[in-house]
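Here is a short report for a reader new to this structure. It starts with one chain, moves to its partner, and ends with the contact between the two.

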Amino acid sequence: MPDTLTRFGSNSGQPTTRRDGIAKVTGQATFAADNHPEGMLHAVYVPAGIARGRVAHLEVEAARAHPGVTHVITPGNRPDLPGDPDAKPTRFSFRIEVLQDDTVRYAGQPIALVLAETLEAATEGARLLAPRYEAEPPRTGLDDNAPFAVEEPGFGAPGDTVHGDPEAGHAAAATSIDATYDTPPQYHNAMESHAVVAQWDGDRLTLDTPSQALAMSCAAYAHLFGIEAADITLRSPYLGGGFGSKAIPNGPMVLAILAAREAGRPVKLSLTRRQMFGPVGHRGATRQRLRLGCDADGRLTVIDHETLAATSTFETFLESASNASQGLYASSAIRSAHQGVRLDVGTPGPMRAPGEASGSAALECAMDELAQAAGIDPLEFRLRNYAETEPGTGKPYSSKALRECYARGAEAFGWADRPARPGTMRSTDGKLVGWGMGTAFFPSPMFAAEARATLRADGSATLETGGADMGQGAWTALAQIAADGIGLPLDRVELRSGLSTLPDGGVAGGSGHTATAGGALHSAGGDVVRQLSELASGQPDSPLFGAGNATFEARGGRLQIAGDDGRGDAFADILARAGLSELTGSGSASRPDADSRDYAMNSHGAVFAEVAVDPDLGQIRVRRLVGAFAAGRIVNPRLAESQLMGGMIWGLSFALHEAAVHDPRSGRILNADLAEYRVPVNADVQGLEVITVEEDDPHVNALGIKGVGEIGITGTVGAIANAVWHATGTRVRRFPIGLADLLAAE
Amino acid sequence: MSFQITLTLNGTAREIALDDTRVTLLDLLRERLEMPGTKKGCDRGQCGACTVLVDGRRINSCLTLAATLDGAEVTTIEGLARGDALHPVQQAFIDNDGLQCGYCTPGQIMSAVGLIAEGTAGDDPERIREGMSGNICRCAAYHGITLAVRQAARQMDNDPKGDAA
Ligand code: FES
Ligand code: FES
């Protein structure tokens, strides 16, 4: 423990309540669309009502004539956009649709934009445009177009990877399964829809818009509008959920900013819920074939995972689902491969655990099927195939307390009492009860971030980085880390974040934000402490005079010699002696290449589910969901539990609820609203339990943080699907699993 | 067409001039009265983000035309705390981490206040979950929300006049 204390200080690890809690429970927290600058116009765009073809006619005059309407922007009169919308100005970029021409590439694509003095007038103006189309047959299902080979599924993920000899693995198997799983298109549907309030002042641009990547977004906007990134002020203090959809600028935001420049007035655009199904990303559909084999002892001889995944006709990003089979289970051979299919849909994008969620769903079901075929308990089967080093590469794990997750989760759940045969458990009210489990697995990446720390004469400090709080608790967790870095109590530290003019806080994605932005803040604080040490050891009046070679420790606003509580000096006194009113430090964080070369770094977990199925109606309820997770250092247990539970409920949603359904004739999404695109409500959630298993990881990053934002989905989907099988004896291989699937199987 | 309605908004009588019959209570609050605490999640009665109290009952303000509210008493999230003293439901949401991004939170809290006043759920988690199911939370803070409503219900039951606030 002493080591851990030195590394982390005492603010981290505390279950502090949210620092933004009061603002959020009183309605004072300002989300993008809450802004209302003087003279603002409202923008509403027309979403394409077909999925493929062209816009033949718009009733522009009718829209223009509507009282209050000021501008109608169509491909015919769209103001010039200096930057190429097909270019890739940043590491994470997509081609966007900004009224380049009259082509329709997916339903919901913006085809015109109306500005008006009021929201009501803009909405009516957009309606009056009454588009007519020349439609071509849409392709929206995985079988509607020919597959193509994928070299890179998106953002650097590998396309095909082979370790060992899969054919030999198949041949050596004593027991095999060959199963195909379907996952549907899913839409992020953050409760706050995408929104922007854009204000131009000459070539200077101010944006209120939710962003998971402030600096990167500014770079993209700068490219598109032909201005300097430094001339953009992007304010994103709170995001009403992001889940991956708010990292990369999209067409509607760009159009609204362009319209504001044209109008010479501020413009607000806030997407309707229906418009959230199209131009702002989604999790693309997959079909995954898993062929698994094991020997007579239940040891995997092969994991062969092939994914067919949807992308749009004009951009390539697809669920790299097969990669979920790399890195988790020991097997003599592992092959993961991807093919894509181009459909008339909006471009898919990263959605909470992109690739991993879909891949884990299929892999964990397949593992269950093979365990059953081999006559081995599913948990025991996973333990027999426990990887001590990363399969294929042989790299050591930076840390891996998965075995303990299995043990603690199973214990809390009561897994030992599970009957092997399905369909044997009944509840007192006559429901079929089933138990299932799955392994949770998610990489622990880092991005790059910078931060600044300013210590003042009164012993308080301000720490700054352009980070993003989308609900994960950055305002709180980053402040805890910042306080530790500079050696102050939390209430002496002000955190400034969510603003693009601050040092680059990196990307809030990949579950890496706390480690990355937190690492930068911690190091900025450390820079101040280093300067304090230099000052103090040179001040004859300081108790630390001449101690320049000692190791210093900063805690509670005091600088001390490590291991010698008696010898120390207050920050305020050091500054006063030096005649300084403040002291500024800077810091940064990213992962050295050597670390990723030498270690496999992942979070792990085990999820156990109990479902009850109505034997007559097929209705499925999740009654208990227990997850045990090992994710390195937990900065704030209260918030981490909320993140993990949120992820598990996303897993529940994947397993039983959400799917976008396309009308095969029009290509439109039939259920593009929150009544019919089903996400869990409160009544769907009961019996949740989260256990966190401690890990002290010296390699993953300086703070030992792995991240908890996404792992909760993985493992959970499979656990629930496997529990449904265990309750009913019916194996459903299509998500979400519904009562129709169970009734059809009878 | 211009017309006028009278509202009691968070305890204050307001005369409101309107030039458009299409304005919903939600858009009136957000876009015309500079009270953006009430949130829009769907604009069609499917998510509960816009929940406010009208004459003490919880309603979806996105489905309510402002013009129909002449004489009504409207309470929004901005009108719940008394100065710096939070309403017990607000405090309970913080204590139990019944929020993540906070976007659904104003609606959840107003819905919880309405539910507790209805008196049908008490502190029974199953009934609270059912009674709160008109409010979607995509962050899925449901576990904390249920605990928060239970804590507040118990506290307000002991202290029905809300003096604890
Ligand atoms: S915004 Fe009113 S119910 Fe969704
Ligand atoms: S807290 Fe984010 S939607 Fe509920």
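## Chain B

In chain B, residues 24 or more positions apart account for 61% of the contacts with a separation of 6 or more. This is a predicted model. Chain B has five helices and five strands. Along the sequence they follow the pattern β-β-α-β-β-β-α-α-α-α. The radius of gyration of chain B is 16 Å, close to the 15 Å that the globule rule gives for 165 residues, so chain B is as compact as a globular protein of that length. Its C-alpha atoms fill a box of roughly 50 × 35 × 25 Å along the principal axes. Of the 165 residues, 57% count as buried.

## Chain A

Chain A holds 17 helices and 28 strands. Its radius of gyration is 27 Å, close to the 27 Å of the globule rule for 746 residues, so chain A is as compact as a globular protein of that length. The C-alpha trace spans about 85 × 75 × 50 Å along its principal axes. Buried residues make up 61% of the 746 residues in chain A. Take the contacts in chain A between residues at least 6 apart in sequence: 82% of them join residues at least 24 apart.

How confident is the predictor? The mean pLDDT of chain A is 96, and 99% of its residues reach 70 or more. Over residues 1-6 of chain A, however, the pLDDT is below 50. Beyond near neighbours in sequence, that stretch has two contacts in the model.

The two chains can be set side by side.

| Chain B | five helices, five strands | 16 Å | 57% of 165 residues |

## A four-stranded sheet in chain A

One sheet of chain A deserves a look. Which strands form it, and in what order? Four strands make an open sheet in the order E21-E20-E19-E25, with mixed pairing. Strand E21 (493-496) and strand E25 (582-589) of chain A are the edge strands, and each pairs on one side only. Neighbouring strands of this sheet are turned by 20 degrees against each other on average, direction ignored.

Strands of a sheet pair through backbone hydrogen bonds, either parallel or antiparallel. Strand E19 (residues 449-456) and strand E20 (residues 461-464) of chain A pair in the antiparallel sense over four bridges. In this pair, A:Leu455 stands opposite A:Ala461 of E20(A).

Two helices meet the sheet strands. Helix H11 (residues 474-486) of chain A lies across E19, E20 and E21 of chain A. Helix H11 runs at about 130 degrees to E21(A). Helix H12 (residues 513-537) of chain A packs on the sheet and touches E19, E20 and E25 of chain A. The direction of helix H12 makes about 140 degrees with that of E25(A).

## Where the chains touch

The contact takes 45 residues from chain A and 47 residues from chain B. Which elements of chain B give two or more residues to the side that touches chain A? They are helix H1 (25-32), helix H2 (88-95), helix H3 (105-118), helix H4 (125-131) and helix H5 (142-158) of chain B. The largest share of that side, five residues, comes from H5(B). By type, the residues on the side of chain B that touches chain A divide into 23 nonpolar, eleven polar and 13 charged.

Note on methods:
Residues numbered from 1 in each chain as written. Chains lettered and ligands numbered in written order. Predicted model: local features only at pLDDT ≥ 70, side-chain atom pairs only at ≥ 80, totals over all residues. Pairing = 2+ DSSP bridges. Axes fitted to C-alpha atoms, helices over the stretch in contact; angles between N-to-C directions. Contact = placed C-beta atoms within 7 Å. pLDDT = per-residue confidence, 0-100. Rg over C-alpha atoms; globule rule 2.2 N^0.38 Å. Buried ≥ 20, exposed ≤ 12 C-beta atoms within 10 Å, placed from the backbone. Nonpolar A, V, L, I, M, F, W, Y, C, P; charged D, E, K, R; others polar.
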